[in-house]
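The structure comes first, then the points by topic.

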Amino acid sequence: MKNILVTGGAGFIGSNFVHHMLQNHDYHIINIDALTYAGNLDNLRDVENDPRYTFVKADIRDRDALTAVFEKYGIDTVVNFAAESHVDRSITEPEIFLTTNVIGTQTLLDVAKRFWKTAPDDKYSREYKEGVKYLQVSTDEVYGALGKTGMFEETTPLSPNSPYSASKASADMVVRAYHETFGMPVNITRCSNNYEKANIEIVRLIIRTLGKSEELIQHVKDRPGHDRRYAIDNTKITTQLGWAPKYTFEQGIAETIEWYCTHGEWMEKITSGDYMHYYDKMYRAAR
């Protein structure tokens with residue numbers, strides 16, 4: 001059985017990935033998450049007693065914690081979702097984005113390299129245990145902004161415009177360097193924003209606010225260095241891997257809103273506490 005380390009697995013995308021893997025594969029998933037405002041273990045209540053699932057509260061900058069996980073569980077695959085996110089927050093707190101997204105990624109790579117190399121003390125060795133893999137989950141925001149036309153491609157030059165996207169681009173370059181220098185088996189993915197990041201945060205706030213306030217929508221100033229448009233050319237994945245979306249945008253957003261409307265208790269938890277403190281801090285001062 002493969003032992004897959006999923007970092008940031010209590011977040012929206014990470015928790016859905018954990019569910020997908022447990023439903024479709026017989027893998028042992030070890031989920032590391034620091035449980036910041038973006039992490040929510042309620043997302044994983046239905047799998048917390050699954051013997052194929054293990055949760056460890058830890059920060060990917062903590063080398064000792066990562067080493068202990070690799071030693072205990074014999075990790076052979078890493079999927080790195082863990083990252084400080086939200087562009088607005090990176091403008092006010094850029095340092096934490098650099099330390100988590102860049103140093104955290106390097107720490108994770110270094111621990112994996114140490115455990116996976118067949119000769120870890122030989123800096124010239126490029127031999128690794130069979131079947132190991134490091135997957136870096138990045139973002140199309142590393143490419144910068146598009147004009148009114150065009151799409152990002154895999155070969156588009158990196159041109160990040162915010163501390164967030166700069167930290168993700170930097171992490172990508174560290175991953176690439178570990179492949180080029182040490183021969184580490186890696187992949188980097190750069191997807192567009194998903195339903196949660198692009199829309200559901202707005203949906204959460206509107207649903208939570210309905211009936212409580214007359215001011216559902218208020219205009220705020222554009223953030224500095226704002227990217228106006230992103231778009232990915234998906235020709236490669238559709239032609240070479242046969243991938244195709246299962247939902248239209250309209251179907252997906254309708255089902256998503258319906259799910260949130262019928263899960264009131266979960267909604268109340270996710271739109272309170274640290275999560276709402278984040279929104280108050282980021283946006284109320286900008287009104």
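The largest nonpolar core has 24 residues, and those touching the most other members are Leu 5, Phe 70, Ile 75, Val 78, Trp 116, Tyr 134 and Met 184. A nonpolar core here is a set of buried Ala, Val, Leu, Ile, Met, Phe, Trp, Tyr and Cys residues joined through side-chain atoms within 4.5 Å. Buried means under 20% relative accessible area, exposed over 50%, and partly exposed in between (1.4 Å probe, protein chains only). The model is predicted: local features need pLDDT of at least 70, side-chain atom pairs count only at pLDDT 80 or more, and totals for chains, interfaces and linings use all residues. Residues are numbered from 1 along each chain as its sequence is written, and side-chain values use heavy atoms, with hydrogens and water left out.

- Beyond its neighbours within four places in sequence, Val 78 contacts (heavy atoms within 4.5 Å) Leu 5, Phe 70, Leu 108, Trp 116, Lys 133, Tyr 134 and Leu 135.
- A second, separate core of 12 residues includes Ile 4, Val 18, Met 21 and Leu 44.

**Aromatic rings**

- Rings of Phe, Tyr and Trp (its six-membered ring) pair if their centres lie within 6.5 Å; planes under 30 degrees apart count as stacked, over 60 as edge-to-face and the rest as tilted.
- By this rule there are seven aromatic pairs.
- Phe 70 and Phe 115 form a tilted pair, because their ring centres are 5.5 Å apart and their planes are at 35 degrees.
- Phe 70 lies in helix H2 and Phe 115 in helix H4, so this pair ties together parts 45 residues apart in sequence.
- Phe 70 is buried at 1% relative accessible area, whereas Phe 115 is partly exposed at 23%.
- Ring pairs join Phe 70, Phe 115 and Trp 116 into a cluster.
- Tyr 143 and Phe 152 also form a tilted pair, with centres 5.1 Å apart and planes at 35 degrees; both residues are buried.
- The charged end of Lys 113 sits over the ring of Phe 182, 4.6 Å from its centre (the rule asks for NZ of Lys or CZ of Arg within 6 Å of the ring centre and within 35 degrees of the ring normal).

**Cysteines**

- There are zero disulfides, a disulfide being a pair of cysteine sulfur atoms within 2.5 Å.
- Cys 191 is partly exposed at 39% relative accessible area, and Cys 261 is partly exposed at 48%.

Technical notes. Helix = DSSP H or I, 4+ residues; strand = E, 2+ residues; numbered from the N terminus.
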